[in-house]
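Hello,

Here is the structure you will be working with. Please open it first and then read the notes that follow.

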Amino acid sequence: MVYRFRRDNKKVGFMTKHSSRRLGSVRRRTLVVAVAVMAPLAALGVASPALAVTHHPTGIFAPFADCPLANTSINDCIFAQTKSGEFTVGKKTVPIVNTITLQGGFIGTEGNLKFVAAEDGNTLSKTAQPVPGGLLGILAPSWLPKFLQELFNEFINKGVTGVTATTELAAPASSIGLNTGNLIEETGIALSLPVKVKLSNPFLGESCYIGSNSKPIVIEFTTGATSPPPPNKSIHGKAGTFEEEDEFLLIRLKNNSLVNNSFAAPGAEGCGGIFSFLIDPAVNAELGVPAAAGHNTAVLNGTLETANAEAVRASE
């Protein structure tokens, strides 16, 4: 089943492939879903920012400045922002309070879509979200010698305890999975993201991650109902409110919600640098990871815009 947006005798709706009429190539639009996540990141396998071409679309197309327009195969541009929601991993819930942006373009039409990274490589923004409570509650492992326990706990209690979580893509942008029919019908997988979550704090160092490029957390979002294992219960997303501008050259879904509470989360690794063999267990105990499927939740609420690439170029 293929879905497209159309204007027909002043009535807006969806058409199946059996009832659709041929529209002009500029006016035909495929709605593509994409969003971001948790904590957020630059995609791998993309052009270097230094080599990126600068574009300056105007008017309603201004948000698509990082669409990879240098790629002449691009059919559509996308600009999606997640402005609220949350990530629950194990025992810790991190609200999304800072806007996460997902942007790029798509090659292909109908259901055969390939995500292409943003022009400057910043496909998924590295947007840090504050972790409620920070490091407070992390205690030295009881099996450490007493003097090391005291040093550990004193550093945590008297040092900087604030922590942020940043969700990053753990694979190239082309690995992002999309299904526009599922998005619209509120059923099945609409968006699949392979991610890792970076925990940042002076004490944790620069390599403290939950998930990795080799073992990503794959979150399969839906706008429909979830079917998680217990103890989680089913939750429901939504496609959002449809809007169009300039005779469908720009399509917008406002107030959409993508959800998943069936994914598993591994334990943290690389926390504390050379002392990770000591710090990782303490971080895992505080967060409650590794956490099996049924103990984690991701909710992304925001707005998705797609625009015809030819129209974006023409606006420059």
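**Disulfides**

With -80° about the S-S bond, the disulfide of Cys67 and Cys77 is left-handed. The pair links distant parts of the chain: Cys67 sits in the loop between strand E2 (11-15) and strand E3 (74-89), while Cys77 belongs to strand E3, 10 residues apart. Keep in mind throughout that this is a predicted model. The sulfur atoms of Cys67 and Cys77 are 2.1 Å apart. Both Cys67 and Cys77 are buried.

How many disulfides does a search of the whole structure find? It finds 2. Besides the link described above, a disulfide joins Cys208 to Cys271, with an S to S distance of 1.9 Å. The torsion about the S-S bond of Cys208 and Cys271 is about 65°, so this disulfide is right-handed. Cys208 and Cys271 also link distant parts of the chain, 63 residues apart. Cys208 is in the loop between strand E10 (191-200) and strand E11 (209-210). Cys271 is in the loop between strand E15 (268-269) and helix H3 (276-287).

Why does Cys208 count as buried? Its relative accessible area is 0%, and buried means under 20%. Cys271 is buried as well, with a relative accessible area of 0%. If the bonded cysteines of the chain are numbered in sequence order, the pairing reads 1-2, 3-4.

**Nonpolar cores**

In soluble globular proteins, nonpolar side chains tend to be buried together. In this model, the largest nonpolar core has 52 residues. Leu199 and Leu204 are the residues with the most contacts inside that core. Another core, of 14 residues, lies apart from the largest one, and its members include Phe61, Ile74, Leu249 and Ala311.

**Salt bridges**

A search of the whole structure finds 6 salt bridges. One of them is formed by Lys92 and Glu286, whose closest N and O atoms are 3.6 Å apart. Lys92 lies in strand E4 (residues 92-95) and Glu286 in helix H3, so this pair ties together parts that are 194 residues apart in sequence. Lys92 is buried, with a relative accessible area of 14%. Is Glu286, at 19% relative accessibility, buried or exposed? Glu286 counts as buried, because the cut-off for buried is under 20%.

Glu243 forms a salt bridge with Arg252, and the closest N and O atoms of this pair are 2.9 Å apart. Arg252 counts as buried at 13% relative accessibility, whereas Glu243 is partly exposed, with a relative accessible area of 27%.

Glu243 also forms a salt bridge with Lys254, where the closest N and O atoms are 3.8 Å apart. Glu243 lies in strand E13 (residues 241-245) and Lys254 in strand E14 (residues 250-260), so the pair ties together parts that are 11 residues apart in sequence. Lys254 counts as partly exposed, at 33% relative accessibility.

Which residues are linked in a network of salt bridges? They are Glu243, Glu245, Arg252, Lys254 and Glu305.

Regards

Key: Residues are numbered from 1 along each chain as its sequence is written. This is a predicted model: local features need pLDDT of at least 70, side-chain atom pairs count only at pLDDT 80 or more; totals for chains, interfaces and linings use all residues. Side-chain values use heavy atoms; hydrogens and water are left out. A disulfide is a pair of cysteine sulfur atoms within 2.5 Å. Helices (H or I, at least four residues) and strands (E, at least two) are DSSP runs, numbered from the N terminus. Buried means under 20% relative accessible area, exposed over 50%, partly exposed in between (1.4 Å probe, protein chains only). A nonpolar core is a set of buried Ala, Val, Leu, Ile, Met, Phe, Trp, Tyr and Cys residues joined through side-chain atoms within 4.5 Å. A salt bridge is a side-chain nitrogen of Lys or Arg within 4 Å of a carboxyl oxygen of Asp or Glu.
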